Amino acid sequence: MIVHGNRFTFKPGVSPEQVEEALESLRNQGRSIPAVTSFTVGRDHGGEYEWGATFLIEDLDGYWEYLTHPSHLRTDRIGLPLVDRFASFDITDDLDPGMGAKIAALHQRRYDRDPELTRLVSDLGEYSGSAAPGPHA
């Protein structure tokens, strides 16, 4: 199993309506992507971020489905321009020592296929995660 997580803080001045649209788009990912078996979207407590989301995915094939699903792409397009700080992380019970590199390769493949996504992530004030593009690498 892989738990894919995001932690993020919106830019100052983002309206409550914009925040809710972005959060609802994340919830829609959990509901609409077949590879997601469970998800949570809500406030991030005990950390440096305001919000977070986690998505439980069974394997790397499902992870790729999650990354490339149209509902995920929609969230990227409407949500990333509103975000200042963003962290992406993965937790897995798979004992393969190469799992981190395999996950990073999926992210890199996605960035390579989507220059607009790469630009959106590169424009974030702060980003950490697998295969971070642009100035965050």
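The structure is a predicted model.

The chain contains five helices and five strands. Read along the sequence, these elements follow the order β-α-β-β-α-α-β-α-α-β. The C-alpha trace spans about 45 × 30 × 30 Å along its principal axes. The radius of gyration is 14 Å. This agrees with the value near 14 Å that a compact globule of 137 residues would have. Of the 137 residues, 45% count as buried. Contacts were also considered by their separation in sequence. Among contacts between residues at least 6 apart, 70% join residues at least 24 apart.

The accessible surface of the chain comes to about 6,900 Å². Carbon and sulfur atoms account for 54% of that surface. The chain carries 13 positive and 22 negative side chains. The centres of these two sets lie 4 Å apart.

Twelve salt bridges were found in a search of the whole structure. One of them joins Asp44 to Arg7, with the closest N and O atoms 2.6 Å apart. This pair links distant parts of the chain. Asp44 sits in the loop between strand E2 (36-43) and strand E3 (51-57). Arg7 belongs to strand E1 (residues 2-10), and the two residues are 37 residues apart. Asp44 has 15% relative accessibility. Asp44 therefore counts as buried, as this value is under 20%. Arg7 has a relative accessible area of 24% and is partly exposed.

A salt bridge also connects Glu48 and Arg85. Here the closest N and O atoms are 3.3 Å apart. This pair, too, links distant parts of the chain. Glu48 lies in the loop between E2 and E3, while Arg85 lies in strand E4 (residues 83-92). The two residues are 37 residues apart. Glu48 is exposed, with a relative accessible area of 62%. Arg85, in contrast, counts as buried at 18% relative accessibility.

Asp123 and Arg119 form a salt bridge as well, and their closest N and O atoms are 2.8 Å apart. Arg119 counts as partly exposed, at 39% relative accessibility. Salt bridges that share partners also build a network, which joins Glu20, Glu24, Arg27 and Arg31.

His4 lies in strand E1. The relative accessibility of His4 is 2%, so this residue counts as buried. Residues up to four places away in sequence were set aside when listing what His4 touches. The contacts of His4 then include Ala53, Thr54, Phe55 and Ile57. Tyr63, Tyr66, Ser88, Phe89, Asp90 and His107 also touch His4. Gly47 is 43 residues from His4 in sequence, and their C-alpha atoms are 17 Å apart.

Ser88 is part of strand E4. Ser88 has 11% relative accessibility and therefore counts as buried. With neighbours within four places in sequence left aside, Ser88 is in contact with His4, Gly5, Asn6 and His107, among others. Tyr127, Ser128 and Gly129 are also in contact with Ser88. Ser88 and Ala53 are 35 residues apart in sequence. Their C-alpha atoms are 9.6 Å apart in space.

Helix H5 (residues 115-122) has buried residues of its own. They are Leu117, Leu120, Val121 and Ser122. An α-helix has 3.6 residues a turn, so residues three or four places apart point the same way. The cover over the buried residues of H5 includes helix H3 (70-79), helix H4 (99-113) and strand E5.

The segment after strand E5 (126-128) contains Gly134. Gly134 is partly exposed, with a relative accessible area of 47%. Val121 and Gly134 are 13 residues apart along the chain, and 7.9 Å separates their C-alpha atoms. Ala131 is also found in the segment after E5. The phi angle of Ala131 is near 55°. This is a positive value in a residue other than glycine.

Methods: Residues numbered from 1 in each chain as written. Predicted model: local features only at pLDDT ≥ 70, side-chain atom pairs only at ≥ 80, totals over all residues. Heavy atoms only, no water. Helix = DSSP H or I, 4+ residues; strand = E, 2+ residues; numbered from the N terminus. Rg over C-alpha atoms; globule rule 2.2 N^0.38 Å. Buried < 20%, exposed > 50% of the residue type's maximum accessible area, 1.4 Å probe, protein only. Contact = heavy atoms within 4.5 Å. Areas by Shrake-Rupley, 256 points an atom, 1.4 Å probe, with all protein chains shown as cover. Lys, Arg positive; Asp, Glu negative; His and termini not counted. Charge placed at Lys NZ, Arg CZ, Asp CG, Glu CD. Salt bridge = Lys/Arg side-chain N within 4 Å of Asp/Glu carboxyl O.
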